[in-house]
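These are my notebook entries on one structure.

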Amino acid sequence: MTQDGTAALSSPGNHRFEVVVVDPEQRNRMRMGMQLASYGNPGSFPNAEALIRSMDVVDPEADPSAPPRATVVVFGPEMANAHGFEQIQRLTHHRPDLAAVIVVEEMTTTLLQQAMRAGVGEAVALDGGEHALRQAVEHVGNKAAGLVTRVGSPEAAQTRGRLILSFSTKGGVGKSMVATNLAVALARRNPPRGVSLIDCDLQFGDVGVLLGIPPTQTVVDAAAAITFPDADLVKVFLGLHEESGLHVLPAPVEPSAADQVRPEEMVAIVESMLRLNDYVVADMPPHFDDSVLALLAIADDVMLVASMDIPSIKNVKIGIQTMDLMSIAGGKIHLVLNRANAKVRLDVKEVERSLGMEAEFPIPSDIAVPQSVNRGVAVVLDSPKSPAARAIEKMADVLIANNAALTAADPNGRPG
Ligand SMILES: Nc1ncnc2c1ncn2[C@@H]1O[C@H](COP(=O)(O)OP(=O)(O)OP(=O)(O)O)[C@@H](O)[C@H]1O
Ligand SMILES: [Mg+2]
């Protein structure tokens with residue numbers, strides 16, 4: 001990379017990422033460059049095109065076996081306009097190894113929204129000072145560096161994560177409770193390539209709300225970009241659940257936006273998440289449609305959630321028969337009996353007999369669940385000792401153990 005097209009950029013080895021500044025105004029570039037001097041001598045470019053050109057130049061002295069490095073691009077205030085955001089978006093959407101920060105003259109909600117939509121990780125005000133800028137750069141840089149390491153590692157190239165669906169053809173049985181808590185529980189076990197959660201209930205999805213994650217970028221944004229040739233760009237759209245390290249792709253806020261996502265796009269998004277992570281958990285809508293069928297077909301584990309009442313059990317029975325008929329879900333169904341201790345006449349044995357399968361994961365009815373929902377915190381974090389949280393933790397242990405057993409049987413297959 002070059003300094004205004006001339007001197008080579010000195011990239012200090014103690015940072016996991018490189019920093020460059022982009023702004024048409026020379027004095028803005030100098031000001032930002034000085035504030036970021038601790039990152040070596042940040043490369044400086046008048047526009048995104050000049051930056052791309054310099055990145056395309058192969059450095060003959062570079063070590064080809066060196067691990068890939070992420071780059072934080074700090075855009076100046078003259079980039080905070082429609083034309084600038086367009087350039088930024090093109091850049092962030094095509095280069096998963098780039099993370100963006102923007103410095104704006106004055107922070108407004110509209111500007112912030114535009115920036116987030118363009119894939120900018122953090123926005124800071126011009127008069128916010130050096131510290132705020134460096135903090136923003138650190139934050140997005142470390143996140144991007146983590147992802148680049150994962151995407152770029154040799155094992156990442158050949159391994160595919162495990163896809164776990166939380167599904168039922170009945171509404172309100174606890175699918176989202178299982179999906180969110182299982183995903184958080186898996187993420188907290190720190191599998192090497194991480195865990196992500198996707199909300200496939202595009203109309204009424206509430207994963208974002210349940211985990212307190214703002215839906216800045218959703219499945220709809222990811223679907224719009226997924227046709228680009230870059231396979232791993234989905235990472236740009238994932239929000240971070242700070243408490244667990246889980247990556248989350250929420251459903252759109254507008255239910256009508258659901259129509260914009262085609263089944264093949266949904267599958268492409270999930271496939272690219274599977275390339276990034278060891279586990280991808282998907283929260284599903286309460287019905288069969290083309291997207292659901294496609295995801296059932298590629299799933300590794302289907303957590304079929306039922307509650308302890310006759311309509312739910314009847315519904316599950318029809319669901320199992322439908323999946324059997326289409327021979328899509330065969331041996332991968334696990335029966336999750338939610339609110340298994342509810343004070344109703346049905347008993348677990350009866351349910352198992354009726355469905356012809358073992359209730360592998362019973363989850364008790366637990367006041368801690370609605371309490372955690374109201375706080376927007378996963379129950380496994382909010383109330384880890386509660387019976388419901390313990391049941392989910394056990395589920396995560398079993399799924400990880402199953403996966404490890406499969407990996408042992410086929411070392412070239414799935415990660416442990
Ligand atoms: N084990 C449990 N104990 C107590 N309450 C529970 C339990 N599981 C779920 N609930 C409550 O039941 C309600 C429905 O749960 P959830 O939203 O997870 O269901 P869902 O199947 O995703 O619904 P939908 O079909 O609408 O997406 C929530 O209010 C949740 O708090
Ligand atoms: Mg739900």
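I count two residues as in contact if their C-beta atoms, placed from the backbone, lie within 7 Å. Helices (H or I, at least four residues) and strands (E, at least two) are DSSP runs, numbered from the N terminus.

**Entry 1: provenance.** I note that this is a predicted model, in which local features need pLDDT of at least 70 and side-chain atom pairs count only at pLDDT 80 or more, while totals for chains, interfaces and linings use all residues. Residues are numbered from 1 along each chain as its sequence is written, and chains are lettered from A and ligands numbered from 1 in the order in which they are written.

**Entry 2: the chain as a whole.** I looked up the secondary structure and found 16 helices and 15 strands in the protein chain. The chain has 416 residues, of which 47% are buried. For burial I use C-beta atoms placed from the backbone: a residue is buried if 20 or more others lie within 10 Å of its own, exposed if 12 or fewer, and partly exposed in between. Taking contacts between residues at least 6 apart in sequence, I find that 73% join residues at least 24 apart.

**Entry 3: H10 against H11.** Two packed helices are described by the angle between their axes and the distance between the axes. The axes are lines fitted to C-alpha atoms, for helices over the stretch in contact, and angles run from 0 to 180 degrees between N-to-C directions. Helix H10 (residues 263–276) packs on helix H11 (residues 290–298) at about 35°, and the axes are 8 Å apart. From H10, Pro263, Met266, Val267 and Val270 meet Asp290, Ser291, Ala294, Leu295 and Ile298 of H11.

**Entry 4: H12 against H13.** Which angle do H12 and H13 make? Helix H12 (residues 310–325) packs on H13 at about 30°, with 10 Å between the axes. H12 is therefore roughly parallel to H13, since angles under 35 degrees count as roughly parallel, over 145 as roughly antiparallel, 65 to 115 as roughly perpendicular and the rest as oblique. H12 also passes H13 in a right-handed crossing. Ile313, Val316, Lys317 and Ile320 of H12 make the contact with Val351, Ser354 and Leu355 of H13. By class, I list five nonpolar, one polar and one charged residues there.

**Entry 5: H7 against H16.** H7 and helix H16 (residues 387–409) pack at about 60°, with axes 9 Å apart. H7 is therefore oblique to H16, and their crossing is right-handed. On the H7 side I find Asn181, Leu182, Ala185 and Leu186, which meet Ile392, Glu393, Met395 and Ala396 in H16. This contact has six nonpolar, one polar and one charged residues.

**Entry 6: positive phi.** Asn190 is not a glycine, although its phi is positive at about 50°. I place Asn190 in the loop between H7 and strand E9 (195–199). Asn190 is exposed, because 11 other C-beta atoms lie within 10 Å. Arg339, also not a glycine, has a positive phi of about 60° and lies in the loop between strand E14 (333–338) and helix H13 (348–355). Is Arg339 buried or exposed? Arg339 counts as buried, because it has 22 C-beta neighbours inside 10 Å.

**Entry 7: Met30 and Gly84.** Met30 lies in helix H1 (residues 26–35) and is partly exposed, with 13 C-beta neighbours inside 10 Å. Gly84 sits in helix H3 (residues 82–94) and is buried, with 23 other C-beta atoms within 10 Å. Leaving out residues up to four places away in sequence, I find that Gly84 touches Phe75 and Met79.

**Entry 8: ligand 1.** I looked up the 19 residues around ligand 1; Gly171, Gly174, Lys175, Ser176 and Met177 come nearest. A residue is near a molecule or strand if its C-beta atom, placed from the backbone, lies within 6 Å of it. Helix H7 (175–188) and helix H14 (368–375) are the elements that give two or more residues to this shell. By class, the shell has nine nonpolar, six polar and four charged residues.

Methods
Nonpolar A, V, L, I, M, F, W, Y, C, P; charged D, E, K, R; others polar. Left-handed = near helix turned anticlockwise from the far one by under 90°.
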